[in-house]
Amino acid sequence: MNRERYDINEIKELQKSINLMDPVDLAEIFEILSPYEIAIRIKLLNKDLLADTFALLSRSKKVDIIKTLSRESIMELIKELDEDELVDTLQELPANMVGKLMNHFIEEGRRPIINELLGYPDESVGSIMSVNFMSAKISRSIKEILDKVVNSDLDANKLEQIWITDNSLKLKGFVYLADLLRNIEQNIESILHPINKTVSAYDDQEIVAKLAFRYDLSEIPVVDSENRLIGTVPAEWAIDVMVDEYNEDISNIHGITDIEDDSYMEVSNLKIAKNRITWLIICLITATMTGFIIKRYESTLATSVVLAAYIPMLMDSGGNAGSQASTTVIRALYIGEVDYHTILKVMLKELKIGFYVGIALVFINILRIFFMDSVSTQVMLTVSITLLITVMISKVIGGMLPLIADKFKIDPTVMAGPIITTIVDTVALLIYFEVASKLINL
């Protein structure tokens, strides 16, 4: 419903319906509504739901809403936002608006926490963690902890898991609220769950996603250098990180840089072109290597022109084989199954895989040449041997480069696309012409 006027019954019906909606669905609706329509809904939404919806909006829509709200409404909205949501919002807003909010709308008691969270590097655990959690000392009785839960103003979903520390605030483990209710007469140690893994606020946010996936954690504790709890990252946020990292990895694989969160249709054509062109230029320059190789073996091609017909097939087969290997290794790297120390094992494994795959491709290719092409046995052998060697080497290169990249703190997915293709193309041509020179006696 997108209108400029409502009667009282429609207002009541609208209020009832939107307060039953999920923040995700509300945020999608807000993105397409007029300022007037949004203002109506802001008045009708309950405070918690409004804050959750606002946190999911795009940068431009947040700016528009803040510009239209009254001073009192802005203060109320800022108050309802959790620290992590507020930090995310501040990082998206223009500098002048951030200064205004920090100086006039954010409570003085919250500013140190906000400033600390803003100080963490982009894409670090600290930049996404929540500082709103329930903790209790292990010396407390279960009844005392339950009293603390009852008197807490945290949302219910933040009270399902209570973190337990020693008297020095060092993390010992956690307990579930349900276990507390079922074991009021017991001591806290009897229901304490040990900590599987912790992360530092300065770790890359991708680590959180890996731990949540590997250990099925509902929350990942963030600790300082002395193992004192300073924040948590819920599993649903780890899923968001997974999606962000996946999108980034896909972009890297296809040579696209600096992907924005804005809608594809809203980003200018020039900006998208700029983001895509970097790797295309690099590939264009590096691809000149294949030109040099072809030029070097120009006499070979002139003597046996039919060799040129198989160049695209050999290069494509090598590129695809290398990309398959790199994708598999990157996935194994992501879940912690392999690392740089296992590089020799990975290379040997991919070499064997390449041999099996290469033999199958050679068999199919020989049948294709036999029935469809009229070429000499020497040419058929040249293409077949080159295909086998190219696939084997491509598999090794595809499995090796991501591990080398990870060793030097480079995103492994950068190696999974244009770079592997360029290297493999060059290798395939060198092998092809060298084998041709030996077998066809050119």
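Mentor: Gladly! Let's begin with the salt bridge: a side-chain nitrogen of Lys or Arg within 4 Å of a carboxyl oxygen of Asp or Glu. Keep in mind that this is a predicted model, in which local features need pLDDT of at least 70, side-chain atom pairs count only at pLDDT 80 or more, and totals for chains, interfaces and linings use all residues. Residues are numbered from 1 along each chain as its sequence is written, and side-chain values use heavy atoms, with hydrogens and water left out.

Trainee: Why is the pair Glu 37 and Arg 41 called a salt bridge?

Mentor: The closest N and O atoms of Glu 37 and Arg 41 are 2.6 Å apart. The limit is 4 Å, so the pair counts as a salt bridge. In general, side chains of opposite charge can pair when their charged atoms come close.

Trainee: What makes Glu 37 and Arg 41 about one helical turn apart?

Mentor: Both belong to helix α3 (residues 35-44), and they are separated by about one turn because they are four residues apart there. Helices are DSSP runs of H or I with at least four residues, strands are runs of E with at least two, and both are numbered from the N terminus.

Trainee: How do you know whether Glu 37 is buried or exposed?

Mentor: Buried means under 20% relative accessible area, exposed means over 50%, and partly exposed lies in between (1.4 Å probe, protein chains only). Glu 37 has 0% relative accessibility, so Glu 37 counts as buried. Arg 41, at 5%, is buried too. Other buried residues of α3 include Ile 38, Ile 40, Ile 42 and Leu 44. Among the elements that cover the buried residues of α3 are α1 (8-18), α2, α4 and α5 (59-68).

Trainee: What makes Asp 82 and Lys 158 a salt bridge?

Mentor: Their N to O distance is 3.1 Å, and that is within the 4 Å limit. This pair links distant parts of the chain, 76 residues apart: Asp 82 sits in the loop between α6 (71-80) and α7 (83-92), while Lys 158 sits in the loop between α11 (142-150) and β2 (161-165). With 17% relative accessibility, Asp 82 counts as buried, and Lys 158 is buried as well.

Trainee: Which residues does Asp 82 touch?

Mentor: A contact means heavy atoms within 4.5 Å. Leaving out residues up to four places away in sequence, Asp 82 touches Arg 110, Asn 132 and Lys 158.

Trainee: How many salt bridges does a search of the whole structure find?

Mentor: Eleven. One further pair is Arg 368 with Asp 373, at 3.8 Å from N to O. Arg 368 has a relative accessible area of 31%, so the label is partly exposed. Asp 373 has 25% and is partly exposed too. There is also a network: salt bridges that share partners join Asp 224, Glu 226 and Arg 228.

Trainee: What is the nearest side chain of opposite charge to Asp 425?

Mentor: Lys 395, which is 14 Å away. Asp 425 is buried yet has no salt bridge. Asp 425 lies in helix α21 (residues 418-439), and touches Thr 290 and Met 315, not counting residues up to four places away in sequence.

Notes:
Lys and Arg count as positive and Asp and Glu as negative; His and the chain ends are not counted.
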